[in-house]
Amino acid sequence: MSASLVYLLLRQILQMLIQLARGDGAKDVELLVLRHQVAVLRRQIYRPELRQQDRFVLAALSRLLPRERWSAFFVTPATLLRWHR
């Protein structure tokens, strides 16, 4: 019960932060840099080990993105949906 409460709280906080940060050009550049770094790291590691906290954060962030943008995650959309349940 407490894990789902933490998940909902985290999701709300992230959504508020995203709405506050919209429109900043520097953030767009930072996002491009981070995406490139993720692409480089994907070439170097086979499968990362995720902790429960990592799953909560990724599941919460996936709720903020439309499904067609879920390719940004290194887990499959089916995995993200399973974590939501």
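**Surface and charge**

Modeller: The accessible surface of the protein comes to about 7,200 Å², and 60% of that belongs to carbon and sulfur atoms. Accessible areas come from the Shrake-Rupley method with a 1.4 Å probe, and for residues only the protein chains shown count as cover. This is a predicted model, in which local features need pLDDT of at least 70 and side-chain atom pairs count only at pLDDT 80 or more, while totals for chains, interfaces and linings use all residues. Residues are numbered from 1 along each chain as its sequence is written, and side-chain values use heavy atoms, with hydrogens and water left out.

The protein has four helices and zero strands, in the order α-α-α-α from the N terminus. Helices (H or I, at least four residues) and strands (E, at least two) are DSSP runs, numbered from the N terminus. Of the 85 residues, 14% count as buried; buried means under 20% relative accessible area, exposed over 50%, and partly exposed in between (1.4 Å probe, protein chains only).

Now the charged part. Arg47, Arg55, Arg82 and Arg85 form a positive surface patch. Patches are made of residues with over 30% relative accessible area and no salt bridge, with like charges joined within 9 Å and nonpolar side chains (Val, Leu, Ile, Met, Phe, Trp, Tyr) within 5 Å. Lys and Arg count as positive and Asp and Glu as negative, while His and the chain ends are not counted. A charge is placed at NZ of Lys, CZ of Arg, CG of Asp or CD of Glu. Arg85 sits in the segment after helix H4 (77–84) and is exposed, because its relative accessible area is 77%.

A salt bridge is a side-chain nitrogen of Lys or Arg within 4 Å of a carboxyl oxygen of Asp or Glu. By this rule the count is one salt bridge: the side chains of Arg51 and Asp54 meet at 3.8 Å, N to O. Arg51 is exposed at 57% relative accessible area, and Asp54 is partly exposed at 25%.

The nonpolar patch consists of Leu9, Ile13, Met16, Leu17 and Leu20, with about 540 Å² of accessible area together. Met16 lies in helix H1 (residues 2–21) and counts as exposed because its relative accessible area is 51%. Arg11 also has its place in helix H1, but counts as buried because its relative accessibility is 19%. Apart from neighbours within four places in sequence, Arg11 is in contact (heavy atoms within 4.5 Å) with Ala60, Arg63 and Leu64.
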